[in-house]
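User: I am new to this structure. Please walk me through it in short answers.

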Amino acid sequence: MSNTAVKPATGKLGVMVVGLGAVTTTFMTGVLMTRKGLAKPVGSMTQYDRMRVGQGADKKYLRYNEIVPIADLNDIEFAAWDVYPANAYESAIHAEVLKEKDIEPVRDELEAIKPLKAAFDPSYAARLHGDNVKTGTRWELVEQLREDIRNFKAEKNLDRVVVLWAASTEVYVPVDENIHYTLEALEAAMKADDREHIAPSMCYAYAALTEGAPFIMGA
């Protein structure tokens with residue numbers, strides 16, 4: 001695909017993350033610190049690296065945003081779901097990945113990120129015991145997640161949203177061709193509240209894609 005077919009990265013991008021733990025709060029803090037000029041985006045390919053384009057006399061090294069349209073860090077808004085109600089600042093302090101001096105300059109912004117109730121099933125992550133969770137059938141969870149995405153998009157006046165999974169790895173669900181091979185069968189299983197074959201991550205993925213948001217599984 002040529003980059004002429006890629007839409008320009010205009011307007012604001014909402015990043016909704018499943019799980020507000022060590023990975024997510026480090027990611028959020030890094031973005032917030034970098035856009036304030038208080039940190040360098042070391043480790044971020046899109047922000048720090050250059051890629052060789054062309055060969056011989058035509059060879060040049062370009063940043064990713066010079067090759068394809070990428071959202072500016074200043075255009076990003078964050079939200080998250082988590083089974084624990086602690087805000088992003090509290091979670092970052094608890095995670096102990098970053099030092100307090102790395103977190104304090106963006107404390108206000110992190111404190112404003114309060115997790116939405118998670119779509120959660122303890123049988124898929126037995127070591128988690130939070131109570132900031134949604135209730136309902138698998139289909140009802142999907143509907144609630146879709147509403148979360150729509151509300152976030154409206155509240156922050158976002159042009160687009162992406163959903164990232166950075167929560168605990170779930171118990172494996174074997175692929176069942178009678179459940180997972182067609183959209184119709186998957187939806188039927190959700191409506192039947194089939195908890196054996198429909199993991200919470202599937203609810204997030206379905207909700208995101210149905211709302212036009214890419215879903216990235218990071219587990």
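User: Which residues of α8 meet which residues of α9?

Analyst: This is a predicted model. Helix α8 covers residues 183-191 and helix α9 covers residues 200-210. On the α9 side, the contact uses Met202, Cys203 and Tyr206. On the α8 side, they meet Leu183, Leu186, Glu187 and Met190.

User: By class, how many residues in the contact of α8 with α9 are nonpolar, polar and charged?

Analyst: Glu counts as charged, while Leu, Met, Cys and Tyr count as nonpolar. Glu187 of α8 is in the contact. By class, the contact of α8 with α9 has one charged residue, no polar ones and six nonpolar ones.

User: Are α8 and α9 oblique or perpendicular to each other?

Analyst: The two helices pack at an angle of about 120°, with axes 12 Å apart. Angles of 65 to 115 degrees count as roughly perpendicular. The crossing of α8 and α9 is left-handed. By angle, α8 and α9 are therefore oblique.

User: How many of the eleven residues of α9 are buried?

Analyst: Buried means under 20% relative accessible area. Pro200, Ser201, Cys203 and Tyr204 are among the buried residues of α9. Ala205, Tyr206, Ala207 and Ala208 are buried too. α9 is mostly covered, and its buried count is eight.

User: What do the buried residues of α9 pack against?

Analyst: One partner is helix α8. Another helix is α6, residues 138-155. The strands are β1 (13-18), β4 (76-82), β6 (160-165) and β7 (215-217).

User: Which glycine follows α9 with a positive phi?

Analyst: The helix α9 spans residues 200-210. The phi in question is near 80°. The residue is glycine 212.

User: What is the order of strands in the open sheet?

Analyst: The sheet has five strands, with parallel pairing. β5 (116-117) and β7 stand at the edges, each with a single partner strand. One side of each edge strand is therefore left without a neighbour in the sheet. The order is β5-β4-β1-β6-β7.

User: How many bridges pair β1 and β4?

Analyst: β1 and β4 run in the parallel sense. Glycine 14 stands opposite glutamate 77 in β4. Valine 18 has tryptophan 81 as its bridge partner in β4. The number of bridges between β1 and β4 is six.

User: Which residue in β5 does tryptophan 81 stand opposite?

Analyst: β4 and β5 run parallel, joined by two bridges. Tryptophan 81 is in β4, where it is also the bridge partner of valine 18. In β5, tryptophan 81 stands opposite leucine 116.

User: Why is β4 largely enclosed by the rest of the structure?

Analyst: Helix α6 lies across β1, β4, β5 and β6, running at about 155° to β4. β4 is largely enclosed because, of its seven residues, the number buried is six.

User: Are α1 and α3 perpendicular or parallel to each other?

Analyst: α1 and helix α3 (residues 88-95) pack at an angle of about 115°, with axes 9 Å apart. Angles of 65 to 115 degrees count as roughly perpendicular. Ala22, Thr25 and Met28 of α1 make the contact with Ala88, Ser91, Ala92 and Ala95 of α3. α1 and α3 are therefore roughly perpendicular.

User: Does serine 44 count as buried or partly exposed?

Analyst: Serine 44 lies in the loop between α1 (22-35) and α2 (45-48). Buried means under 20% relative accessible area. At 24%, serine 44 therefore counts as partly exposed.

User: What share of the 219 residues of the protein count as buried?

Analyst: The protein has nine helices and seven strands. Its C-alpha trace spans about 60 × 45 × 30 Å along the principal axes. Among contacts between residues at least 6 apart in sequence, 70% join residues at least 24 apart. The buried share is 37%.

Note on methods
Residues are numbered from 1 along each chain as its sequence is written. This is a predicted model: local features need pLDDT of at least 70, side-chain atom pairs count only at pLDDT 80 or more; totals for chains, interfaces and linings use all residues. Side-chain values use heavy atoms; hydrogens and water are left out. Axes are lines fitted to C-alpha atoms, for helices over the stretch in contact, and angles run from 0 to 180 degrees between N-to-C directions. Helices (H or I, at least four residues) and strands (E, at least two) are DSSP runs, numbered from the N terminus. Angles under 35 degrees count as roughly parallel, over 145 as roughly antiparallel, 65 to 115 as roughly perpendicular and the rest as oblique. A crossing is left-handed if the near helix is turned anticlockwise from the far one by less than a right angle, and right-handed if clockwise. Contact means heavy atoms within 4.5 Å. Buried means under 20% relative accessible area, exposed over 50%, partly exposed in between (1.4 Å probe, protein chains only). Two strands pair if DSSP finds at least two bridges between them.
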